[in-house]
Amino acid sequence: MSQVLSGPVPSEILLVPRGEAGHFLPAALGWMGKRVTVTVQPGPANHVLCLPVLDFVRLGFPEASGRLDLLEPGDAENLRAGRAALLLDLSNEGPGLHAPTFEALHRNLEERGIPRERVILVTQNRLLRLDYERLYGEGLRFWTFEFFPLQVALWLDDAEGPRLFPQHPLDRTGYAPFARAAGPARFLCQNAALRWHRVLLYRWFQLSGLDRDGLISFHGIGEDNPKAGGIEVFHAPPEIEAAFGPLLADVGSWIPRRARRIDADQGTDMVMTLDTQAYAACDLTVISETDFFEPGVERITEKSIKAAATGLPFVTVGAPRAVARLSELGFETFGGLIDHHYDLVPDPAERLPLVFRSIERAWAACRDDRARWHRLAREQAEANVAHARRGLLPQYERVMVAPLIERLNRFMETGAIVH
């Protein structure tokens with residue numbers, strides 16, 4: 001029996017890896033079951049050269065010409081001829097604009113005769129293209145793809161998680177939000193790598209007395225925190241010192257020298273871990289995101305996805321529009337219980353006090369009448385748990401994966417690279 005196709009047959013997408021490690025995007029498209037062929041010999045067909053960046057600043061390093069030394073003979077010619085696109089895979093990060101790095105990238109591309117318009121930078125940051133074009137005009141192409149949030153969405157999914165990640169089983173046994181009916185209210189706040197907003201949040205918890213009410217992890221500056229060197233806590237940037245000097249006063253007397261943990265040490269796996277026991281013991285969570293003070297960044301990471309998936313009401317200490325992004329992904333945001341007005345404030349010096357106020361108000365309502373808090377939050381909480389298990393992955397497919405596949409298909413068919 002003949003079949004009538006309802007739409008055009010998608011092109012075969014040829015991805016040509018350069019370099020060994022960090023091919024995040026090809027891995028994600030494979031997990032999603034996309035029509036992708038990974039090959040080192042694409043022949044005369046249009047193809048996408050996938051170059052792993054791993055860390056944004058590497059694009060500006062003189063070593064290996066900012067990663068471009070990973071290209072092989074003939075690649076530059078194919079790029080100039082329009083048969084290839086160069087995809088710089090930074091889907092594991094969401095950096096803001098750093099002019100010296102882009103200028104080094106421009107120089108390295110020019111030395112090889114590679115047109116900027118044949119280069120696609122894939123990052124998690126939705127604002128990077130706008131800031132780049134304000135400074136340089138049209139040039140590089142920018143695509144958005146969030147590797148670790150998508151990986152977590154796959155892991156959380158009822159069907160795909162056990163199939164793709166059997167070595168990282170997600171223990172949901174007996175978990176439900178607000179299952180602990182007895183005892184005092186508690187909130188949860190987990191912090192890992194040392195960042196300025198986490199230092200300030202930790203100190204604010206101490207000074208406000210909220211550290212007695214919460215399960216709070218903070219790795220501090222001890223040798224047991226491999227990311228303790230991210231900032232110099234004894235020398236704050238001038239803008240942070242000016243805005244939050246009192247919070248940072250005498251930092252050496254209160255900054256932890258050993259990690260305060262609330263969960264088992266998971267080694268290097270910080271992505272596919274979810275301490276359901278900690279969430280089950282709490283009634284509110286404060287999401288300590290990766291970005292806060294970095295200008296020109298709009299993204300969330302897997303930290304927000306995992307917290308929202310547990311169903312607890314949340315306040316987010318993150319970049320502007322972090323809460324809005326969760327809403328766009330289909331999560332309820334507890335607007336009737338929690339004041340998220342901070343979410344649209346661009347200035348971090350203004351946003352952080354609003355975050356503190358939101359935490360205070362939410363925690364007072366939760367602590368003073370825990371049963372009422374559960375009653376008002378339960379419907380949204382249960383909806384978020386169900387969404388993470390069955391609705392989040394299809395939403396990522398609609399809003400992120402399918403548009404990227406459409407751009408790749410257009411390139412394969414026409415050679416055109418569009419934003």
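View 1. Five of the five residues of strand 5 (residues 119–123) are buried, so the strand is largely enclosed by the rest of the structure. Helices (H or I, at least four residues) and strands (E, at least two) are DSSP runs, numbered from the N terminus. Strand 4 (residues 84–90) runs parallel to strand 5, and five bridges join them. L90 stands opposite T123 in strand 5. Two strands count as paired if DSSP finds at least two bridges between them.

The model is predicted: local features need pLDDT of at least 70, side-chain atom pairs count only at pLDDT 80 or more, and totals for chains, interfaces and linings use all residues. Residues are numbered from 1 along each chain as its sequence is written, and side-chain values use heavy atoms, with hydrogens and water left out.

**View 2. Strand 1 beside strand 2.** Strand 1 (residues 13–17) is mostly covered, with four of its five residues buried. Its pairing with strand 2 (residues 36–38) is parallel and spans three bridges. I13 stands opposite V36 in strand 2.

**View 3. The open sheet 8-7-9-10.** Strands of a sheet pair through backbone hydrogen bonds, either parallel or antiparallel. Here four strands form an open sheet in the order 8-7-9-10, with parallel pairing. Strand 8 (214–217) and strand 10 (314–317) are the edge strands, each pairing on one side only. Neighbouring strands of this sheet are turned by 10° against each other on average, direction ignored. Angles run from 0 to 180 degrees between N-to-C directions, and axes are lines fitted to C-alpha atoms, for helices over the stretch in contact. Strand 7 (residues 187–190) and strand 8 pair in the parallel sense over four bridges. Which residue of strand 8 is the bridge partner of C189? The partner is I216.

**View 4. Helices on the sheet.** Helix 7 (residues 196–208) lies across strand 7, strand 8, strand 9 (284–288) and strand 10. Helix 7 runs at about 145° to strand 9. Helix 10 (residues 302–309) also packs on the sheet, touching strand 9 and strand 10. The direction of helix 10 makes about 170° with that of strand 9. Contact means heavy atoms within 4.5 Å.

**View 5. Helix 5 against helix 14.** Two packed helices are described by the angle between their axes and the distance between the axes. Helix 5 (residues 147–156) and helix 14 (residues 392–414) pack at about 150°, with their axes 9 Å apart. That makes helix 5 roughly antiparallel to helix 14 (angles under 35 degrees count as roughly parallel, over 145 as roughly antiparallel, 65 to 115 as roughly perpendicular and the rest as oblique). P149, L150, A153, L154 and L156 in helix 5 meet L392, L393, Y396, M400 and V401 in helix 14. By class, the residues of this contact are ten nonpolar, no polar and no charged. Ala, Val, Leu, Ile, Met, Phe, Trp, Tyr, Cys and Pro count as nonpolar, Asp, Glu, Lys and Arg as charged, and the others, Gly among them, as polar.

**View 6. P403 in helix 14.** P403 has its place in helix 14. This proline is partly exposed, with a relative accessible area of 24%. P403 touches E397 and R398, not counting residues up to four places away in sequence. The C-alpha atoms of P403 and G66 are separated by 28 Å, and the two residues lie 337 residues apart along the chain.

**View 7. Helix 3 across helix 4.** Helix 3 (residues 99–111) and helix 4 (residues 128–136) pack at about 70°, with their axes 12 Å apart. The two helices are therefore roughly perpendicular to each other. A99, F102, E103 and H106 in helix 3 meet L128, Y132, L135 and Y136 in helix 4. The contact has six nonpolar, one polar and one charged residues.

**View 8. Two loop residues with positive phi.** F178 has a positive phi of about 65° although it is not a glycine. F178 lies in the loop between helix 6 (160–164) and strand 7. Is F178 buried or exposed? At 5% relative accessibility, F178 counts as buried. R321, also not a glycine, has a positive phi of about 70°. R321 is found in the loop between strand 10 and helix 11 (322–328). R321 is partly exposed, with a relative accessible area of 25%.

Technical notes: Buried means under 20% relative accessible area, exposed over 50%, partly exposed in between (1.4 Å probe, protein chains only).
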